[in-house]
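Please read it with the sequence and the coordinates at hand.

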Amino acid sequence: MKQDFETVVREEMAWLSAYVRRKLSHGAWEDLVQEIFIKAFRAYDDYEETGKRRGWLARIADNTMKNYFTRQAPMPTLSLDLPDEDGDTLFYLAKDMETPEERMLEQEQIRQILQIVSRLSKTQRTVFSLRYMDGYSVSDISKRLGIPEGTVKSQSYYAIRNIRKELGISEQIRRDMMTCKEYYDVMLIHALRLLTGEKKKTAEEHLKTCKACADMVTALKNLIPKMQFGEDTTFSHFAILFPNEHLWLTGCRSYFPDYEKIKRYMDEHDGALPRGTINSGSDDCFELYNIYDEKGNALDCEVYRTKGHIDRVPKTLPYFAKNLWIYETFYMDWHGFDYKESKEAPGLFYGSMTNNLGVDAKSMLFHAVPKEAENIRIKRGNGVHDCSTYKFAYVDRYVADDDRIRLDYSFQIRET
Ligand SMILES: [Zn+2]
């Protein structure tokens, strides 16, 4: 009876390792064993069980070893946590295993990965094996299968993500990859071109595999130059909402009072902030990421919690030193800002947003709507900025400290 391939690997690993080591005077026998099993796995569908399994494996092994010293290009590096030169991420079967325990772990991992690959969807399995088992480039696979390069990349990404998930390698512990939520934290800073160094590299790595984040930051980069701020000395504020992603990006420019003074005031006034103080207040349903200054540095903040409300006051800014911008990102754990579809007219959506700042300010609100949106109507607003991947309905004006600014809009999405 023909066994599943996982069993073959388990039963023949020791034998095959010994076979390869006997024939090899030098070189990385572990790499070869790995490669032989990968080739065997690819051919296993056509293998008929006649009781001569080791003979069949030995032929694959001999061919592989013959090619080992003659071929020009090595197999692509298999790495679970390092991006390759195409920006893709490969699965890693450790090479420098020294102890027998480590080797056993490695063999176990090969077995697990092959098992997971055999369960992937057909497209993912095909793309993955062409890319990482046969070593074809992204553009070769694209031509061979007649699918766009972007699809090849996304299918390998999904395959790797599935393998990782099943191997229990969480997205968070990978050094070189960001999750969407981690990217949200720096998205605005990135769009403002303030992100630098290693963080910028990993952020851009994320965008190669995440279309949603890439679309948002492209839209932001288009939108920011169109935003009109007040005089350099006025308090200015903006809020940009991506309702589908529950993302609320804000920035404000102000003089920042001395933290020690604020603290003294709060101690004397039952924890209340002095009027006009810049702080990042939010309700419990908002998750606030870091607050950044205008150079892109995350600010150290003191956090005050009162019933259902959180205030953050930056501790590191000098008293009246400068009129500074700070930027922040909120993740909203509720649907209050989603646009709604009209019950009477399917395809007609509407939404709104409001601010109340408690200070005199030049304020701007931007509400992202899908790029397919047509016939955008603004009830209390100025118009629409078309930013290619999104459109932004917006309103901007000076508001008094007891004033509210409100943006109401509707748009049509045609059935396609
Ligand atoms: Zn993302």
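Two strands are said to pair if DSSP finds at least two bridges between them. Strands themselves (E, at least two residues) and helices (H or I, at least four residues) are DSSP runs, numbered from the N terminus. The model is predicted, and for that reason local features need pLDDT of at least 70 and side-chain atom pairs count only at pLDDT 80 or more, whereas totals for chains, interfaces and linings use all residues. Residues are numbered from 1 along each chain as its sequence is written.

**Overall composition**

The protein chain contains 11 helices and 14 strands. Of its 416 residues, 29% are buried, where buried stands for 20 or more other C-beta atoms within 10 Å of the residue's own, exposed for 12 or fewer and partly exposed for values in between, with C-beta atoms placed from the backbone. Among the contacts with a separation of 6 or more, 65% are between residues 24 or more positions apart; a contact here requires C-beta atoms, placed from the backbone, within 7 Å.

An open sheet of 7 strands runs in the order 4-7-2-1-10-13-12 and has mixed pairing. At its edges stand strand 4 and strand 12, each of which has a single partner strand, so one side of each is left without a neighbour in the sheet.

A second open sheet, of 4 strands, has the order 8-9-14-11 and antiparallel pairing. Its edge strands are strand 8 (340-341) and strand 11, each pairing on one side only.

| Strand pair | Sense | Bridges |
|---|---|---|
| Strand 1 (residues 236-242) and strand 10 | parallel | 6 bridges |
| Strand 10 and strand 13 | antiparallel | 10 bridges |
| Strand 4 and strand 7 | antiparallel | 6 bridges |
| Strand 11 and strand 14 (residues 405-412) | antiparallel | 3 bridges |

Strand 10 (residues 361-370) has 8 of its 10 residues buried, so it is largely enclosed by the rest of the structure. On one side, Leu241 stands opposite His367 of strand 10, while Leu365 has Val395 in strand 13 as its bridge partner. Elsewhere, Leu288 is placed opposite Phe330 in strand 7, and Glu374 has Gln412 in strand 14 as its bridge partner.

**Helix 8 and the sheet**

Helix 8 (residues 180-191) has 9 of its 12 residues buried, so it too is largely enclosed by the rest of the structure. Its buried residues, including Tyr183, Met187 and Leu188, pack against helix 9 (197-209), helix 10 (211-223), strand 2 (247-255), strand 4 (286-293) and strand 7 (323-332). The helix lies across strand 2, strand 4 and strand 7, and runs at about 145° to strand 7. Just after helix 8, Arg193 takes a positive phi of about 65°.

**Helices 6 and 7**

The axes of helix 6 (residues 138-145) and helix 7 come within 8 Å and cross at roughly 110°. The two helices are therefore roughly perpendicular to each other, a label given to angles of 65 to 115 degrees, while those under 35 count as roughly parallel, those over 145 as roughly antiparallel and the rest as oblique. Val138, Ser139, Ile141 and Ser142 of helix 6 make the contact with Glu149, Val152 and Lys153 of helix 7.

Helix 7 (residues 149-167) has 19 residues that, at 1.5 Å a residue, should span 27 Å, and its end C-alpha atoms are 27 Å apart, which agrees; the expected span is 1.5 Å times one less than the number of residues. Among the buried residues of helix 7 are Val152, Ala159 and Ile163.

**Individual residues**

Most residues other than glycine have a negative phi. Asn375, in strand 11 (residues 374-378), has a positive phi of about 50° although it is not a glycine, and this residue is exposed, with 10 other C-beta atoms within 10 Å. Ser388 is found in the loop between strand 12 (383-386) and strand 13 (390-399), and has a positive phi of about 65°; Ser388 is exposed as well, with 12 other C-beta atoms within 10 Å.

Asp4 lies in the segment before helix 1 (5-23) and counts as exposed, with 12 C-beta neighbours inside 10 Å. The C-alpha atoms of Asp4 and Gln115 are separated by 9.0 Å, although the two residues are 111 residues apart along the chain.

Conventions. Axes fitted to C-alpha atoms, helices over the stretch in contact; angles between N-to-C directions. Contact = placed C-beta atoms within 7 Å.
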